[in-house]
Amino acid sequence: MAMFPSCHTASPCLTRMHTTRLVIAGVVAAALAALAAGCKQEAARPGSSSAGNPSTGPSADQVELSLLYGSEKKTWLDEQVKAFNASQTRTAGGKRIRVTARPIGSGEATAAILGGTQQPVVYSPASGAYVTLLNQAWQSRDGHTRPIAPAGEPLVLSPIVIAMWKPMAQVLGWPGKPIGWADILAVSRDPAGWGKYDHPEWGAMKLGHTHPEYSNSGLLSALAIAYAGARTTRGLTAAALPAVEPFMAGVEDAIVHYGTSTGFFGDKMIERGPSYLSAAVLYENLVIESYARQRSLDLVAIYPQEGTFWSDHPYCVLDAPWVTAEQRDAAGVFLAFLKARPQQERAMALGFRPVDPAIKIGAPIDAAHGVDPQQPQTLLEVPDGPTLEALLAAWRRTKKPADVVLVFDKSGSMAGRPLDEAKRGARAFLATLDDRDQVTLMFFDRQVYPPFGPRELGKARAELESRIDGISAGGDTALYDATLAAKGLLEARRKEQVRRIRAVLVMTDGADTNSSHSLDATVKGLHGEDGGIAVFTLGYGDEPNQAALGAIAKAGAGSFSRGDVDTIVAVFRDLASFF
């Protein structure tokens with residue numbers, strides 16, 4: 001692959017960057033199913049959550065311009081929306097333009113547009129890959145003969161990097177020695193872990209990247225790892241993938257868990273420090289952002305020597321029935337505003353690379369913020385659709401399998417529809433997991449019942465579903481006892497020969513009323529896991545003790561989610577993306 005000493009300023013780099021729009025072409029069916037599973041159904045109209053806008057609707061002398069955009073650029077775009085609206089800019093026809101902009105995950109936005117719950121004028125995901133996904137899914141429907149999202153111009157750029165704690169990167173040779181996926185593999189495979197580099201106190205290599213079937217950065221991570229295993233930067237084919245699967249499996253063996261949000265890994269990495277993750281696949285701007293936050297150590301960006309990809313943040317004016325010619329004109333005016341030098345310089349101040357080649361790269365894109373403005377030097381080629389389909393199949397075979405204890409509240413307050421929908425959600429959770437994953441069911445009310453499992457899903461999916469279907473509601477709530485019991489089960493299995501993502505998923509609709517353990521004792525019992533076991537909590541309905549569930553998830557290095565009878569199935573499916 002050609003080398004570009006300053007990729008963001010080279011026109012070939014932008015051309016290559018736009019090829020990411022081809023990345024999903026061969027995997028629409030799998031990706032769309034994941035996106036639909038993660039889509040939160042919302043009644044709000046576009047712009048209902050906006051930046052710097054009045055709550056009233058547009059007046060007769062104004063045109064409303066609604067955007068759905070990738071949340072990675074929220075700080076920058078919120079500022080620009082407020083400034084633009086304050087400028088009272090008008091269209092050529094004399095109407096004042098009022099912009100409403102909503103941050104949303106790129107995959108969720110795609111599913112919302114396809115599902116009709118959102119009808120924006122402009123769609124700006126994190127990557128052009130989602131533009132292709134949206135277009136192909138849109139055109140697969142009867143009567144849709146052309147793309148809904150014509151190719152958009154990039155707003156800002158950010159390369160995908162491996163974010164690593166500075167001391168760990170230094171022992172690998174950073175900044176003088178190029179580092180890549182092979183270095184991650186070497187630490188992951190060594191039984192001594194970081195002890196290989198005379199730092200046994202750091203434990204094993206602990207890596208995080210998002211789920212390739214849910215997330216742009218996850219898909220491109222899997223593709224970059226495959227390229228590294230093939231020792232090439234272009235021309236990857238489906239026929240070459242079997243030979244690189246051992247390399248892929250070795251890297252994936254370092255995974256702590258997956259997920260849908262790149263930002264989640266960035267936030268939790270800073271919050272929890274090196275005991276949670278050694279490294280995570282992030283966008284460069286998230287590494288820069290970390291320097292404005294309180295942290296135990298500095299992060300640095302590693303641009304894999306085997307190659308990487310750009311996140312290009314395209315601005316696409318939709319060719320949809322709900323978009324008027326007047327709104328299209330307004331969209332062009334706002335695009336010109338965003339690409340003007342002051343706005344691009346502000347984006348750079350927030351850690352993004354400007355798309356204007358006339359703007360010289362400067363702080364904070366510098367060594368003082370853990371990044372290198374001369375990188376990335378090597379960009380990878382996106383292969384064709386069949387190869388990407390084969391890549392996802394190879395990733396499913398090589399991903400780190402999971403060992404999950406599903407802790408299910410069957411107390412009396414769950415009776416009726418709440419229990420019915422929770423059962424549906426739990427079955428959807430099982431359906432989303434891989435056949436190689438294993439699940440243990442642990443039911444509780446006023447007592448904790450003996451666990452059922454572990455059972456490998458490929459052999460016992462129907463049996464696990466039958467157990468879920470057969471439960472009834474009654475009794476009080478021994479939440480804390482059940483959580484600690486589940487953690488104890490996984491502790492006992494950590495010495496098994498097969499390395500797995502080990503996690504507890506606790507679903508409850510109320511506060512603890514019957515445990516022998518207190519909340520403080522539960523939190524204390526979950527601390528200090530060194531990335532070995534994560535605890536995720538799901539608060540169901542109107543009465544869950546959010547503070548307690550949040551504290552449990554924080555102590556267990558997981559996350560807390562909310563659901564109700566209308567959203568519980570989607571929330572369970574979202575949680576499955578961590579595994």
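**Close-up views of a predicted model**

The protein chain exposes about 21,200 Å², and carbon and sulfur atoms supply 51% of that area; accessible areas come from the Shrake-Rupley method with a 1.4 Å probe, and for residues only the protein chains shown count as cover. This is a predicted model, where local features need pLDDT of at least 70 and side-chain atom pairs count only at pLDDT 80 or more, while totals for chains, interfaces and linings use all residues. Residues are numbered from 1 along each chain as its sequence is written, and side-chain values use heavy atoms, with hydrogens and water left out.

**View 1. The whole chain, before zooming in.** The protein chain has 20 helices and 17 strands. Helices (H or I, at least four residues) and strands (E, at least two) are DSSP runs, numbered from the N terminus. Of the 579 residues, 58% count as buried; buried means under 20% relative accessible area, exposed over 50%, and partly exposed in between (1.4 Å probe, protein chains only). Among contacts with a separation of 6 or more, 77% link residues 24 or more positions apart, a contact being heavy atoms within 4.5 Å.

View 2. Have a look at S16 (533-540): eight of its eight residues are buried, so the strand is largely enclosed by the rest of the structure. Ile533, Val535, Thr537 and Gly539 point one way, and Ala534, Phe536, Leu538 and Tyr540 point the other way. S15 and S16 pair in the parallel sense over seven bridges (two strands pair if DSSP finds at least two bridges between them), and Leu505 has Phe536 in S16 as its bridge partner. S16 is also joined to strand S17 (residues 560-563) by four bridges, again running parallel, with Leu538 opposite Ser561 in S17. To get from S16 to S17, the chain passes through helix H19 (residues 546-555), and this β-α-β crossover is right-handed. Right-handed here means that, with the strands pointing away from the viewer, the path from the first strand over the helix to the second runs clockwise.

View 3. Pro544 lies in the loop between S16 and H19 and is buried, with a relative accessible area of 8%. Not counting residues up to four places away in sequence, Pro544 touches Thr508, Asp509, Gly510, Gly539, Leu549 and Arg562. Its C-alpha is separated by 9.9 Å from that of Gly563, 19 residues apart along the chain.

**View 4. Helix H15 and what covers it.** H15 (residues 417-432) has 16 residues and reaches 23 Å from its first C-alpha to its last, close to the 22 Å expected at 1.5 Å a residue; that expected span is 1.5 Å times one less than the number of residues. Its buried residues include Leu419, Ala422, Ala426, Phe429 and Leu430. Among the elements covering them are strand S12 (402-409), strand S13 (438-444) and helix H16 (457-469).

**View 5. Leu490 in helix H17.** Leu490 sits in H17 (residues 479-493) and counts as buried, at 0% relative accessibility. Leaving aside neighbours within four places in sequence, Leu490 is in contact with Asp403, Val405, Arg502, Ala503, Val504 and Ile533. Leu490 and Val504 are 14 residues apart in sequence and 8.2 Å apart in space, C-alpha to C-alpha.

**View 6. The open five-stranded sheet.** This sheet has the order S2-S1-S3-S10-S4, with mixed pairing. Strand S2 (96-104) and strand S4 (153-154) stand at the edges with a single partner strand each, so one side of each is left without a neighbour in the sheet. Strand S1 (residues 62-70) pairs with S2 in the parallel sense over nine bridges, and Leu65 stands opposite Val99 in S2.

View 7. Most residues other than glycine have a negative phi, and most peptide bonds are trans. A cis peptide bond joins Gln375 and Pro376, with omega about 0 degrees, and another joins Trp174 and Pro175, with omega about 5 degrees. Asp198, not a glycine, has a positive phi of about 65 degrees and is exposed, with a relative accessible area of 65%. His313 also has a positive phi, near 45 degrees, but His313 is buried, with a relative accessible area of 1%.
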